[in-house]
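Hello,

Here is the structure I promised to pass on to you. Please have a look at it first, and then read my notes below.

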Amino acid sequence: MKKSIDVTPHIETLFGTRDENLHVLEDGLNINIDLRSDSIELEGAARDVARAEQVFADYEHLHRSGHTFNNGDLNSMLRVLIADPKATLRGLTEAGRQRSFGRRTVQPKSLNQRRYLEAIEKHDMVFGIGPAGTGKTYLAVAMAISALLAKRVNRIILARPAVEAGERLGFLPGTLQDKIDPYLRPLYDALYDMLDPEKVDRYLEKNVIEIAPIAFMRGRTLNDSFVILDEAQNTTSEQMKMFVTRLGFNSKAVITGDVTQIDLPNARRSGLLEAVDILKPVEGLSFVYFDESDVVRHHLVQRIIRAYDEHKTRVAEQQMSLLEPKSSTNGRANGTEGSSQEKVGLSSPDAVNQE
């Protein structure tokens, strides 16, 4: 099927740098897009052409209404709507407008990010599991701020296990807060990115926003709160059980972690891994998994994560190949070495008698 679309003013802003957005549409919808001087020609299956035509129509409507796309948001939305046949560019954009987080409007940049935000809205406890850079913590903090500003909760509690990531930090001077702040800095960064610094400081001073190591959660019941446990892969089994049982009335909990970056000493099993096994059948919980395609940092981060995954696979394959000769050696020891003895010239008793 072929379809011709008239060229409208500023439509070229949809194309992206070096037409990268058009390439996303072509590859994702399996169509051909031909740019003419006065029209845009779409060719492909009728259903796919219709979806592409809807993208152009939605973009024209959004542009006329004054909406502008920033920081690669358009490219990310196109990838989301390709992955989700029910999604539209206009629907994704308007959903992003509805989610205003303080001084920022956060737009999900992948299908899993969209599922993550929807899961947080619908469930009281959500696990976000995946590699670094997929927005697990940032989006959770954004949803917490949205709930606080809308007065759906009275406070935000952000917790993290104070585990050294492979190095020894030694003695840290200062007060208790000064000692634990380095471990919690990523949470502060997200807060200051979404709220005015003066408002963040005021909330922290009044304990409307509380940031603390997970050890400080013991014995508490958290009502009317939005609670986030970050870096949950570094919790012990006891810490995780303690945290998930803190949830009180009218509260939400989001647990985030990357199971490929466990820094627990003495090879202790991660409380996050155990919680996934134990809590999977519990009704009312939601588990959202991210992968390298959801990384929203520098494009090199996606490639780096993929390289580590490929290296891990190669190492596993090498270890398996090293085990195979051992099994064949054992097989010869169990009675298959007779033929090999003959090959190297060892005579059997019958051979001796024949001689």
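**What I found**

Asn30 is exposed, with a relative accessible area of 64%; exposed means over 50%, buried under 20% and partly exposed in between, with a 1.4 Å probe and protein chains only. Asn30 sits in the loop between H1 and strand E2 (32-35). Helices (H or I, at least four residues) and strands (E, at least two) are DSSP runs, numbered from the N terminus. The phi of Asn30 is near 60°, a positive value in a residue other than glycine.

Before going further, please keep in mind that this is a predicted model, in which local features need pLDDT of at least 70, side-chain atom pairs count only at pLDDT 80 or more, and totals for chains, interfaces and linings use all residues. Residues are numbered from 1 along each chain as its sequence is written, and side-chain values use heavy atoms, with hydrogens and water left out.

**The chain and its confidence**

The chain has 13 helices and 11 strands, and 41% of its 355 residues count as buried. Of the contacts in the chain with a separation of 6 or more, 71% are between residues 24 or more positions apart; contact here means heavy atoms within 4.5 Å.

The average pLDDT of the chain is 80, and 81% of the residues score at least 70. pLDDT is the predictor's confidence in each residue, from 0 to 100. Where is confidence lowest, and where is it highest? The lowest is in helix H13 (residues 349-354), at a mean of 43, and the highest is in E6, at 96. Over residues 335-355 the pLDDT is below 50, and this stretch has 5 contacts in the model beyond near neighbours in sequence. Residues 165-169 also stay under 50, with 4 contacts beyond four places in sequence.

Two packed helices are described by the angle between their axes and the distance between the axes. Axes are lines fitted to C-alpha atoms, for helices over the stretch in contact, and angles run from 0 to 180 degrees between N-to-C directions.

Helix H1 (residues 20-29) and helix H2 (residues 46-64) have axes that come within 10 Å and cross at roughly 155°. That makes H1 roughly antiparallel to H2; angles over 145 degrees count as roughly antiparallel, under 35 as roughly parallel, 65 to 115 as roughly perpendicular and the rest as oblique. Leu22, Leu25 and Leu29 of H1 make the contact with Asp48, Arg51, Ala52, Val55 and Phe56 of H2. By class, these residues divide into 6 nonpolar, no polar and 2 charged. Ala, Val, Leu, Ile, Met, Phe, Trp, Tyr, Cys and Pro count as nonpolar, Asp, Glu, Lys and Arg as charged, and the others, Gly among them, as polar.

The axes of H2 and helix H3 (residues 73-83) come within 12 Å, crossing at roughly 145°. On the H2 side, Arg51, Val55 and Tyr59 make the contact, and on the H3 side Leu74, Leu78, Leu81 and Ile82. That contact has 6 nonpolar, no polar and 1 charged residues.

Glu231 is found in the loop between E9 and H9. The phi of Glu231 is near 55°, again a positive value in a residue other than glycine, and Glu231 is partly exposed, with a relative accessible area of 26%.

Helix H9 (residues 237-244) packs against helix H10 (residues 271-279) at an angle of about 55°, with the axes 8 Å apart. H9 and H10 are therefore oblique to each other. Ser237, Met240 and Val244 in H9 meet Gly271, Leu272, Glu274, Ala275 and Leu279 in H10, which gives 5 nonpolar, 2 polar and 1 charged residues. Met240, Met242, Phe243 and Val244 of H9 are buried. The buried residues of H9 pack against strand E6 (125-129), strand E9 (225-229), strand E10 (252-257) and H10.

Ser270 lies in the loop between E10 and H10, and at 1% relative accessibility Ser270 counts as buried. Beyond its neighbours within four places in sequence, Ser270 is in contact with Ala232, Gln233, Thr235, Ile262 and Leu264. The C-alpha atoms of Ser270 and Val259 are separated by 8.1 Å, with the two residues 11 apart along the chain.

Best wishes
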